[in-house]
Amino acid sequence: MSALLISQLSSATGVPATTLRFYESEGLLPADRAPNGYRVYDERAQQRLAFITAAKSLNLTLPQIKSMLRMWENDSCAAVKSGLRPALREHIARAEESIAQLTVLRDALTAALVRLDETPDASTPCDPQCSWLASTLTAPVSAS
């Protein structure tokens, strides 16, 4: 594979040119410049983008991705794996916390819907004394 212009790299990978420019500005995707000023990417650019895309799919932060990219390019596979483990464990813990919070919210919403369906229709305006609303307001819901 020869050097690619930004439009060619974008077409080959499906990554928008604006994202490629952003990755360059963040130091994730280096680009040389042609004499006409156009960005020129080397043959590793597609591999770097695949790595970045995979890391983003795991919700890693850009600083984490940047650090991992440096290791990926300069260190052994074992070092990359070793560096990735703590980040993945941290994300697993955050995901479990989010799941717990969302479970509490789902349960509160489900209970509110059941109470709403059980509340008789009235011709008067609703107020905080409505049985479904009063119960919802007192239900403990974790906020993040």
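What is the handedness of the crossing of helix 4 and helix 5? The crossing is left-handed (the near helix is turned anticlockwise from the far one by less than a right angle; clockwise would be right-handed). This is a predicted model, where local features need pLDDT of at least 70, side-chain atom pairs count only at pLDDT 80 or more, and totals for chains, interfaces and linings use all residues. Residues are numbered from 1 along each chain as its sequence is written, and side-chain values use heavy atoms, leaving out hydrogens and water.

**Helix 4**
- Helix 4 (residues 62–74) has 13 residues, which at 1.5 Å a residue should span 18 Å; its end C-alpha atoms are 18 Å apart, so the two agree.
- Its buried residues (under 20% relative accessible area, 1.4 Å probe, protein chains only) are Gln 64, Ile 65, Met 68, Leu 69 and Met 71.
- They lie on the same side of helix 4, because they cover an arc of only 165 degrees around the axis.
- Exposed residues (over 50%) Pro 63 and Asn 74 sit on the face turned away from the buried side.

**Packing of helix 4**
- The buried residues pack against helix 3 (45–57) and helix 5 (77–118).
- Helix 4 and helix 5 pack at about 160 degrees, with axes 9 Å apart.
- The pair is therefore roughly antiparallel (angles over 145 degrees).

**Helices 1 and 2**
- The axes of helix 1 (residues 6–13) and helix 2 (residues 17–25) come within 9 Å and cross at roughly 110 degrees.
- Ile 6, Leu 9 and Ser 10 of helix 1 make the contact with Ala 17, Leu 20 and Arg 21 of helix 2.
- Helix 1 passes helix 2 in a right-handed crossing.

How values were computed
Helices (H or I, at least four residues) and strands (E, at least two) are DSSP runs, numbered from the N terminus. The expected span of a helix is 1.5 Å times one less than its number of residues. The arc is that of the directions from the helix axis to the C-beta atoms. Contact means heavy atoms within 4.5 Å. Axes are lines fitted to C-alpha atoms, for helices over the stretch in contact, and angles run from 0 to 180 degrees between N-to-C directions. Angles under 35 degrees count as roughly parallel, over 145 as roughly antiparallel, 65 to 115 as roughly perpendicular and the rest as oblique.
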